[in-house]
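Work through the exercises below with the sequence and the model at hand. Each task is followed by a solution in steps.

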Amino acid sequence: MTQESATGETRWSAVRASVAAFRAQIDKTGLFPDLKGEAGRALRKSVREDGQLTKSYMLMCGLSAGIAALGLLQSSTAVVIGAMLISPLMGPIASMGFGFASLDGRQIRDSVKVIAMGAAIGILTGILLTWLSPIRNATPEIIARTEPTLLDLAVAVLSGIAGAYATVQQKGATAIGVAIATALMPPLATVGYGLGVANMSFAFGAFLLFLTNLAAIAFSFALIARLSGAARPIAKVEITPRYVLAGLAAFAVLAIPLGVTLYRVTAEAKAQTTVRRLLAQELKLKPVNIAQLQVRWPLRGSPSVDAVIVAPRYANDAEDRLMRALEAEWGERPSLNLQQVVAADLQAQTRAIVDAAVETSAAGIVRDVPPLTAIREAIGLPTQALWTNRAERTVQIVPFAAEGWGFGDYREIEKAAAQAGGGWSVRVIPPVQPRITVPVALKDGAPQPGAALDDAVWAIERWGVQGLNVAGFAGANASDADRETAAALSRYAVETLAKAGIKANATPPAPTQRPRTAASGVEFEVVRQPKRAAAAVVAAE
């Protein structure tokens with residue numbers, strides 16, 4: 001024996017002695033039962049049998065996923081908890097964890113097949129129920145499961161430890177199921193929802209959450225199984241190249257998403273600390289004045305910052321100053337959404353902070369930030385107002401009036417902005433016109449549909465106007481025939497508005513000499529004269 005091999009053998013013996021001493025210390029704590037001999041074999045056999053693919057397992061996966069999907073669609077936490085109670089994924093996850101602890105590639109391979117079948121059933125059930133459901137809005141319960149966070153990882157690890165400990169104690173089966181399903185079945189139903197509504201970002205994020213939590217739970221099972229002595233002794237494991245490769249492949253499939261998630265959440269945590277520091281430096285804020293702060297930094301893409309601050313006065317250049325500081329710090333331009341709440345005294349500041357927290361908690365979607373930069377680029381016009389409704393996931397934009405633009409042009413940029421909205425509903429509100437003249441073609445004396453009238457109705461709907469006056473015209477409304485045609489045009493316009501839910505009044509046609517660009521059409525009186533102005537005209541007459 002060479003000196004190098006003797007040194008290696010000595011080190012290996014020292015490691016084994018340290019492990020044995022550590023195991024002896026664990027045994028002294030009395031946390032785990034004596035699982036040596038027949039007791040350990042019986043437990044391993046029970047775990048392996050519970051992780052097999054059966055008809056009842058597939059049925060319970062479908063039922064659990066169905067309950068979870070319905071609970072997510074109606075944003076009902078109680079219903080989602082009902083899906084957790086069924087806990088179909090507990091068995092194969094425990095079996096896979098024991099396989100990792102024993103380096104048993106065959107057991108790992110069999111468990112992966114069962115988990116994959118259950119995941120496929122859960123996703124397909126989510127897709128089907130999403131298609132059948134009349135409600136397809138992205139609820140807070142859904143959005144909360146579209147990407148893993150540090151808290152999600154903590155829940156998964158603690159759930160896995162609790163489930164594994166209950167397994168080796170051989171009691172509390174329902175508690176194990178709750179611990180496991182808490183972190184797995186709702187994300188699978190969210191994957192089905194994302195595929196059902198063709199939102200790939202939701203589907204990918206939820207699937208990454210599923211894989212991350214699956215890895216954390218399985219490795220927690222493996223740790224407890226090894227520490228407790230419940231795992232099969234490695235010396236008795238049949239090690240063949242095929243099963244070793246299967247075990248390594250399963251380990252890589254689970255370890256890579258877990259590592260990616262850990263890297264991303266760590267980067268986001270550091271970025272959030274940076275934003276807090278820059279808010280305090282640039283805007284002279286105390287930590288308590290930062291009511292809400294959410295930083296997202298995807299693996300591919302630029303960071304986004306969503307912040308709500310409470311300050312005694314409004315700072316016009318706050319967003320620009322923070323943007324420049326972040327760009328200098330990170331070397332790239334983030335997407336920034338900074339909301340300022342002005343509160344002069346301490347009581348008002350406290351109330352504003354509480355209101356912001358309550359709003360975020362009630363909506364549950366603080367992480368769901370619209371892609372405002374992409375939406376603005378799609379619109380291509382300066383905007384004088386923009387606001388978002390996170391509960392309904394809508395963005396409303398009021399652009400400045402552009403020379404030469406008609407309602408049809410504003411309607412087209414709304415369509416382009418909606419495509420860039422990433423699942424958010426975008427509404428462009430065109431500049432208001434007090435009076436609109438719309439040409440309407442006639443065929444055999446009957447009004448015909450046209451793009452100009454459709455665009456005008458769209459604009460009126462965006463303005464939210466009700467009870468407006470509509471007057472038709474045919475030429476100068478000089479003859480009886482022209483006035484009859486004008487009355488038919490105004491009635492047609494009123495009916496068209498009614499189909500869009502807009503109330504309107506048809507006014508009697510009157511002769512006029514005002515020049516018009518069309519031979520026939522309608523005029524919408526969008527902005528009425530104030531009562532005092534109308535009274536002044538009557539008095540002058």
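**Exercise 1.** Decide whether Ala-488 is buried, partly exposed or exposed.

Solution. Start with the classes: buried is under 20% relative accessible area, exposed is over 50%, and partly exposed lies in between (1.4 Å probe, protein chains only). Ala-488 has a relative accessible area of 21%, so Ala-488 is partly exposed. Helices (H or I, at least four residues) and strands (E, at least two) are DSSP runs, numbered from the N terminus. Finally, take a distance: 9.4 Å separates the C-alpha atoms of Ala-488 and Phe-473, which are 15 residues apart along the chain.

The model is predicted: local features need pLDDT of at least 70, side-chain atom pairs count only at pLDDT 80 or more, and totals for chains, interfaces and linings use all residues. Residues are numbered from 1 along each chain as its sequence is written, and side-chain values use heavy atoms, with hydrogens and water left out.

**Exercise 2.** Classify Gln-107 in the same way, and find which residues Gln-107 is in contact with.

Solution. The relative accessible area of Gln-107 is 6%, so Gln-107 is buried. Gln-107 sits in helix H6 (residues 105-132). Contact means heavy atoms within 4.5 Å. With neighbours within four places in sequence left aside, the contacts of Gln-107 are Arg-48, Ser-95, Phe-98 and Gly-99.

**Exercise 3.** Describe how helix H3 (residues 55-73) packs with helix H4 (residues 77-86).

Solution. First, the geometry: the angle is about 165 degrees and the axes are 7 Å apart. Axes are lines fitted to C-alpha atoms, for helices over the stretch in contact, and angles run from 0 to 180 degrees between N-to-C directions. Angles under 35 degrees count as roughly parallel, over 145 as roughly antiparallel, 65 to 115 as roughly perpendicular and the rest as oblique. H3 is therefore roughly antiparallel to H4. Then, the residues: on the H3 side they include Met-60, Leu-63 and Ile-67, and on the H4 side Val-79, Val-80 and Ile-86 are among them. The contact of H3 with H4 has 10 nonpolar, three polar and no charged residues. Here Ala, Val, Leu, Ile, Met, Phe, Trp, Tyr, Cys and Pro count as nonpolar, Asp, Glu, Lys and Arg as charged, and the others, Gly among them, as polar.

**Exercise 4.** Work out the order of the four strands in the open sheet, and which are its edges.

Solution. The order is E7-E12-E10-E11, with mixed pairing. Two strands pair if DSSP finds at least two bridges between them. Strand E7 (435-439) and strand E11 (504-506) are the edges, each pairing on one side only. From one strand to the next, the twist averages 25 degrees. Six bridges join strand E10 (residues 468-474) to strand E12 (residues 520-525) in the antiparallel sense. In that pair, Ala-471 stands opposite Glu-523 in E12. H16 lies across E7, E10 and E12, at about 155 degrees to E7.
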